[in-house]
Structures are given as structure tokens and as C-alpha cells.
Amino acid sequence: MTMSNYSRFDDMIHFSRIGVILHVEDFAKIKSAHVNISGYTLFVGHNNSGKTMLMQLIYGILDAFASGESSWSDVAADTFNNLNSLSNNDISINADTDFYEKIQHCMNIWLEQNIKDIIRKTFQQDIEIGRVSCELCCPIGEYKIKISNSKSNQLSDAKSPKDITFYDSDKNVVSSLLLNADIISNESIKLVIWCFIYQVILNLGYVNRKNLIYLPAARAGLLLLAPYYFDRLANDTLASNNISAEMSTASLSLPVTNYLRFLVKYKLNENSKNQNQAIIDYIENELTHGSFEFNSIANIFFIESETNIRTPIHLTSSMLTEVMPFVQIFSGEYDYTNIMCDEVENSIHPSLQRKLSCLFNRIVNSGKNLLISTHSDSMAFAINNTLLLSKITGEKRNELLNKLGYSNEDLLVFPKINVYQFEGTADGTVVKQIDDRLAPPYGLQFEQFDQSTMKLYNDAEAIMEALNE
């Protein structure tokens, strides 16, 4: 498989937006899919077309890659063993085409070796898959890596951690990583390349391995039922660490199990909350019009802004239980770099879906990878509007912002969304990309939503004609 030149599609390349395209064939309902899982990705399509299955497969692959339990390091060592070790404190990587092709080759060998185990762990059963591979879309350049003693105390280990900082050819810091001292004591260039791949190309944190979260479509129901089914877990740290053992092995997929663990183990972290205060404020001021008080999974309250009334979460609107996990993501103990959310519009009125699209832009602008799905035409069109508005510059943008009631913070810094429509065929679902560059100035063309809207219009027109006879 040849490398893609990602820079040809964008005027500006943001380092955390390097593309990783996943190719999947003959998996469950999916006949074929080629999806960019980096940056901002949107799935649309009919019910039971395979969106959730593909999203959970992506989760399983990323989780396995980041877990350190796979054979990735062995595969990488075999590929990069011809590289020479340099100084432990000053390392250069010439990220040319050959370098990225080596990484891509490593990843595809690793996928081939591990995909069956990944599927079994993710879905709690064996599911046949015809083919899975990845393709990297990377800018070419030279990147410097500096290793130094860290002043941070994020690691629980008593050993002194090391900071690994990545610089581009202009000496700008593009990323950083914290590793335990004994990990890099062998002065291995291969290990540093491995860190480079984790932190920069896939934008996956390595320190706490809590960089990936999946919000299932039934998140409101899970939140309301969790206190009753997992009451002991909520008060038992040891049990909450083994939450999967409390369930039937085939009852829930890994992403949903991990979501339950997230709900049960959530703890407010003031540093994280302060760091992400702008996003939390937007949620509370524009969407919920109030804040949340987290005591335990069985003791959560919503506090209305105007009246200051405290209401148990199970007595509030389902909209609040759908939106609340985003507050937890940005105020908890872990920095979730990759966020997935199935059916984002659940219980959200169309008037608020516009606000929700702006929230997603703010999340992506903060450096997160976001993968979402929707069945809502209002949600899809709201996303399209902010995408188009993000492409406008200068005074014309300012005029539209004032006229339409947006702010600059509502728009994408890098106006690019990877949108995929799931289309049923006789052989299964084919996932096709909707490209906003193909139909200017209208942006994304959602054919399925257009057809549904037109059908309703034609039905209404026929009914009105009959009433007027």
C-alpha cells in the first residue's frame, strides 16, 4: 500500500491531525470501509447499517495498540533494528517517506497478527473479518527529540520520570511525553521512535493508558441503571477495577464495559477541570443551563443556574444525562485524547443540536480526536453549517458571526471533517466518504437525509391536495 500525501488536502497541517486511515473489508455488515480515524470524523447512515460495530472495532484496535499488551514493540524492533542509537539526550528523526512506510508496514503486520484477538476481546465473541489494514497520511519533515529530567510528579512510581519533547524543523514544540526513567535507560533509538509513533502519529497518550473513551448510544439508560446494578462497585475500589468480572462474559462489548467503569470510577479532578474550564462553561451555559454535583455514581445532582435548585440526576431531563458524560470527560482524572460518541443527538432538541455542533468544534480545537455518529438531519446540517462558516475568513466571517449568533470559538480552527455515509447494498454495507470539496459552496451533501426530507414533503403535499379536493 502506498503512502498518501496528506498535505495536498490542507493548506495548514496541524501535527495532531496527521491522518490514520483504517481499511476494513467483510466485517459483520460492513462490506468495505476506508475511514480516517484522526481529527474529526462523522458517521451517518440508516439504523442497523453497521455504524456502531465499526466504531467499536476502531475502539478495540486503538485500545489494543495503546495497551502495551500486544506484540507491537517486537514488530517495531524487527523493522527499525537497522537504525543506529544516538545520544540519549538528543535524537533526530528524519520523517521522510521511507520512515512512514516502515511505520505503516509495522502497523499492518501487527494488525494481521492480532486482529482476531482484538475482535474477541472487543465483542466478547469471534466475528469473521476479511481484511483490515491502515494507511498513514503524513507530512514529511525532520523532527528533533529532546529527553530531559522531568519536574512533573504525575507518575506514581518513585523513580524519576523523563520528559520527551518533540520539535519540528523550526524548533517549535509539537508534542511532549512523560516516561518512566527505566524505560529509556537503554538509550534505544527504537524505543524513542516507538514513543514518537504513539504520541505524535496516533496522538495516543502512553502514561496512564486512559486516553480512549466510548460513549454508547444508551448512555442515559446506563447512567440511571448503574447505581442499582453496580452499587457495590461504586463503594468498592477493588471490585470496580474488575467490573467486567461482575458481568456475563458475553453480555457487553469492551467499549460499553469500559464506559460503565468510567461512570463508576469517575472522580472530580480540579486541575483537569481548570484546564478545560472553557469547554465545561460552554456546556453548562449553552446546553444544560446548570452544573453537576458529583458525589458517587448513586449520588449525582443537577443544579439549575437561575434557581440554584438541586435535583437528583435520575429525576431530570434525559438531555442532561446524555450531555453530562462530556462534563465528566473534561473534569476527571484522565486526559482522554480520543473521544467516541454513538448517536450524539439522543434526547437533544433540534434547537440545541446547533449548540452541540459548536461544542464538538471546541473539543476538536482543543486537540482531541473525535469520532461521532448521528441519525439526525438537524445535527448533520448544523455540523455542515459550522464547517462552511469555518472556511470563511476576514470581515465577511465577522459579519456572519454577528448576524447568525456564533462566535469564533464555535468554529473549527482547521476546517476539515471526515464524513462517511453507510449505504446498504445486496452484499452488505459500503461506507462512502462525503467530501465537502466536491460540491462547493454547499459543503456536505447528505443524500439519505435529503431523500427522507423530500419524502415527508411529498407525502404532506399529497395529503394537502386530497384535503382540498
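Which residues does E322 touch, not counting residues up to four places away in sequence? They are A217, R219, A220, N346 and S347, where contact means heavy atoms within 4.5 Å. This is a predicted model, in which local features need pLDDT of at least 70, side-chain atom pairs count only at pLDDT 80 or more, and totals for chains, interfaces and linings use all residues. Residues are numbered from 1 along each chain as its sequence is written, and side-chain values use heavy atoms, without hydrogens and water.

**View 1. E322 in helix α11.** E322 is found in α11, residues 318-329; helices are DSSP runs of H or I, at least four residues, and strands are runs of E, at least two. E322 counts as buried because its relative accessibility is 6%, and buried means under 20% relative accessible area with a 1.4 Å probe, protein chains only. Eleven of the twelve residues of α11 are buried, so the helix is largely enclosed by the rest of the structure.

**View 2. The nonpolar core.** The largest nonpolar core has 103 residues. Such a core joins buried Ala, Val, Leu, Ile, Met, Phe, Trp, Tyr and Cys residues through side-chain atoms within 4.5 Å. L54, L57, I58 and F360 touch the most other members. Helix α3 (residues 97-123) gives the largest share, ten residues. Beyond neighbours within four places in sequence, I58 contacts L22, V35, I37, F43, M340 and L371.

**View 3. Lining of the largest cavity.** Eleven residues line the largest cavity. V20, I61, L62, M107 and C134 lie nearest its centre. On a 1 Å grid over the protein atoms alone, a cavity is a set of points where a 1.4 Å probe fits but cannot get out; lining residues have an atom within 4 Å of a point.

Conventions:
Buried means under 20% relative accessible area, exposed over 50%, partly exposed in between (1.4 Å probe, protein chains only). On a 1 Å grid over the protein atoms alone, a cavity is a set of points where a 1.4 Å probe fits but cannot get out, and a pocket is an open set with protein on both sides within 12 Å along at least five of seven lines; lining residues have an atom within 4 Å of a point.
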